[in-house]
Amino acid sequence: MVTNENPGTETHDARSRLVMSALRLFAEKGYKAASTREICEAAGANISAIRYYFGDKAGLYRAAFTEPMGDTPCGSNIAAYAGLPLPEALARFFTEFLEPLKKGEEIRLVMKLHFREMIEPTGVWQQEIDAEIKPQHEALVSLLKEHLALQRIDTDVHRLAFAIIGMAVHFYVGQEVVSAISPQVLNTLKAIDVLAERLAGYAVSMIEGEARRRAQEANHE
């Protein structure tokens, strides 16, 4: 009699296959058009497995939408950045932010699904904003407030935070453009690490520029 020495591995593999099959089909067809039956057929799983692992189709969709990006929102734990020199804090931020890009085709499917969600909303995108994007933004804003020695967070701090994060976001939403123009920017794991280092340096320059702008305005008052 052959026994499975590690039944947990089989469970994990079945769940992972469902998430990946769902990601492909939801990205291709959208939430409504992709049926749970064809997802299970693609994953080699029983239809009851969706209820077991995810509760229902909506739960499977949420898993496909969020899990490939990682378990923890990048930069949302401000305590982990406290006390670090600004270049080091930003290097860590961008390294964590760009880490999912190393998954290659999986992340391309995630981006395709995110675009589709914006066109055919299910409500998951708003949940993503509340649970991950907003905490990430607030963490970066807090870092900028501290470095710029501000008494309060104003609109320009938000502008700067959006601009800094936007540099990295472009490499997700513009993967096809980057690959067509300069594929070496993203085509290896090392290239993605170098990109994180460069973005940190660009961000430091942006922050220093904002500090000079504020100082000049203060001198003219």
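Predicted model: local features only at pLDDT ≥ 70, side-chain atom pairs only at ≥ 80, totals over all residues.

**Entry 1: H4 and H7.** Sorted by class, the contact of H4 with H7 holds four nonpolar, two polar and two charged residues.

I then turned to the geometry of this pair. Helix H4 spans residues 57-66, and its axis comes within 11 Å of the axis of H7, with a crossing angle of roughly 55°. That angle makes H4 oblique to H7. I noted the crossing of H4 and H7 as right-handed.

**Entry 2: Ala149.** I followed the chain past H7, which covers 124-147, into the loop between H7 and H8, where Ala149 is found. What is the phi of Ala149? I read a value near 55°, which is positive although the residue is not glycine. For context, I recall that most residues other than glycine have a negative phi.

**Entry 3: H8 and H10.** How far apart are the axes of H8 and H10, and at what angle do the helices pack? For H8 (residues 155-173) and H10 (residues 189-220), I found the axes 11 Å apart and the angle about 160°. H8 is therefore roughly antiparallel to H10, since angles over 145 degrees are classed that way. H8 passes H10 in a right-handed crossing.

I next listed the residues in this contact. H8 contributes Asp156, Val157, Leu160, Ala163, Ile164, Met167, Ala168 and Phe171. Their partners in H10 are Leu195, Leu199, Tyr202, Ala203, Met206, Ile207, Glu210, Arg213 and Arg214. By class, I recorded 13 nonpolar and four charged residues in the contact of H8 with H10, and no polar ones.

**Entry 4: the whole chain.** The protein chain has ten helices and zero strands. Its C-alpha atoms fill a box of roughly 80 × 35 × 35 Å along the principal axes. Of the 221 residues, 38% are buried. I noted an accessible surface of about 12,700 Å², with 54% of it belonging to carbon and sulfur atoms. Among contacts with a separation of 6 or more, 69% are between residues 24 or more positions apart.

Definitions and conventions: Residues numbered from 1 in each chain as written. Heavy atoms only, no water. Axes fitted to C-alpha atoms, helices over the stretch in contact; angles between N-to-C directions. Helix = DSSP H or I, 4+ residues; strand = E, 2+ residues; numbered from the N terminus. Parallel < 35°, antiparallel > 145°, perpendicular 65-115°, else oblique. Left-handed = near helix turned anticlockwise from the far one by under 90°. Contact = heavy atoms within 4.5 Å. Nonpolar A, V, L, I, M, F, W, Y, C, P; charged D, E, K, R; others polar. Buried < 20%, exposed > 50% of the residue type's maximum accessible area, 1.4 Å probe, protein only. Areas by Shrake-Rupley, 256 points an atom, 1.4 Å probe, with all protein chains shown as cover.
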